[in-house]
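Visitor: I have not seen this structure before, and I would like to go through it slowly. Could you show it to me and then take my questions one at a time?

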Amino acid sequence: MKLIMAIIQDKDSAILSDELVEANVRATKLPSTGGFLRAGNTTFMIGVEDERVDEVLRIIKTNCEAREQFVATPVSMDVPLDNAIAYPMEVHVGGATVFVLPVDSFYRF
């Protein structure tokens with residue numbers, strides 16, 4: 001058995017959740033926050049049998065697309081306000097960061 005932890009952008013959360021339900025894959029969703037953009041993410045914790053890992057990874061890859069997005073650069077408190085102008089910059093967002101971990105024991109009560 002494996003534990004798949006997938007950190008995805010909130011925008012992709014509903015689609016991924018629907019696809020996992022359709023594939024009869026149970027998942028727990030946790031709200032999380034990214035450190036770089038400080039934007040909302042969703043972390044999925046998915047316990048699956050070893051033979052279903054590739055299937056679940058395919059579902060994640062298909063439904064969590066990477067894209068370019070413009071964001072305002074964060075304003076630093078160290079800079080005087082006259083110099084503190086937020087400039088839009090293009091960043092790569094979306095996709096998924098996925099960890100596949102071995103599970104020693106699994107219980108469902």
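Visitor: Which strand gives the largest share of the lining of the second largest pocket?

Guide: Please keep in mind that this is a predicted model. The second largest pocket holds about 320 Å³ of space, and among the 15 residues that line this pocket, those closest to its centre are Arg26, Ala27, Gly47, Phe106 and Arg108. With four residues, the largest share of the lining comes from strand E3 (residues 40-48).

Visitor: In which sense do strands E1 and E2 pair with E3?

Guide: Strand E1 (residues 2-9) pairs with E3 over eight bridges, and one of the residue pairs involved is Ala6 with its bridge partner Phe44 in E3. Strand E2 (residues 28-33) pairs with E3 over six bridges, where Thr33 has Gly40 as its bridge partner in E3. For E1 with E3, and likewise for E2 with E3, the sense is antiparallel.

Visitor: In what order do the elements of the chain run from the N terminus on?

Guide: The chain contains six strands and two helices. One of these helices is H1 (residues 10-22), in which Ile15 is found. Read from the N terminus on, the order of the elements is β-α-β-β-α-β-β-β.

Visitor: Why does Ile15 count as partly exposed?

Guide: A residue is called buried under 20% relative accessible area and exposed over 50%, with partly exposed in between. Ile15 is therefore placed in the middle class, because its relative accessibility is 44%.

Visitor: What distance separates the C-alpha atoms of Ile15 and Asn63?

Guide: Along the chain, Ile15 and Asn63 are 48 residues apart. For the chain as a whole, residues 24 or more positions apart account for 69% of the contacts with a separation of 6 or more.

Visitor: What share of the residues in the chain is buried?

Guide: The accessible surface of the chain comes to about 7,800 Å², and 55% of that surface belongs to carbon and sulfur atoms. Of the 109 residues in the chain, the buried share is 26%.

Conventions. Residues are numbered from 1 along each chain as its sequence is written. This is a predicted model: local features need pLDDT of at least 70, side-chain atom pairs count only at pLDDT 80 or more; totals for chains, interfaces and linings use all residues. Side-chain values use heavy atoms; hydrogens and water are left out. On a 1 Å grid over the protein atoms alone, a cavity is a set of points where a 1.4 Å probe fits but cannot get out, and a pocket is an open set with protein on both sides within 12 Å along at least five of seven lines; lining residues have an atom within 4 Å of a point. Grid points are joined across faces, edges and corners, and a volume is the space filled by probe spheres set on the points. Buried means under 20% relative accessible area, exposed over 50%, partly exposed in between (1.4 Å probe, protein chains only). Contact means heavy atoms within 4.5 Å. Accessible areas come from the Shrake-Rupley method with a 1.4 Å probe; for residues, only the protein chains shown count as cover. Two strands pair if DSSP finds at least two bridges between them.
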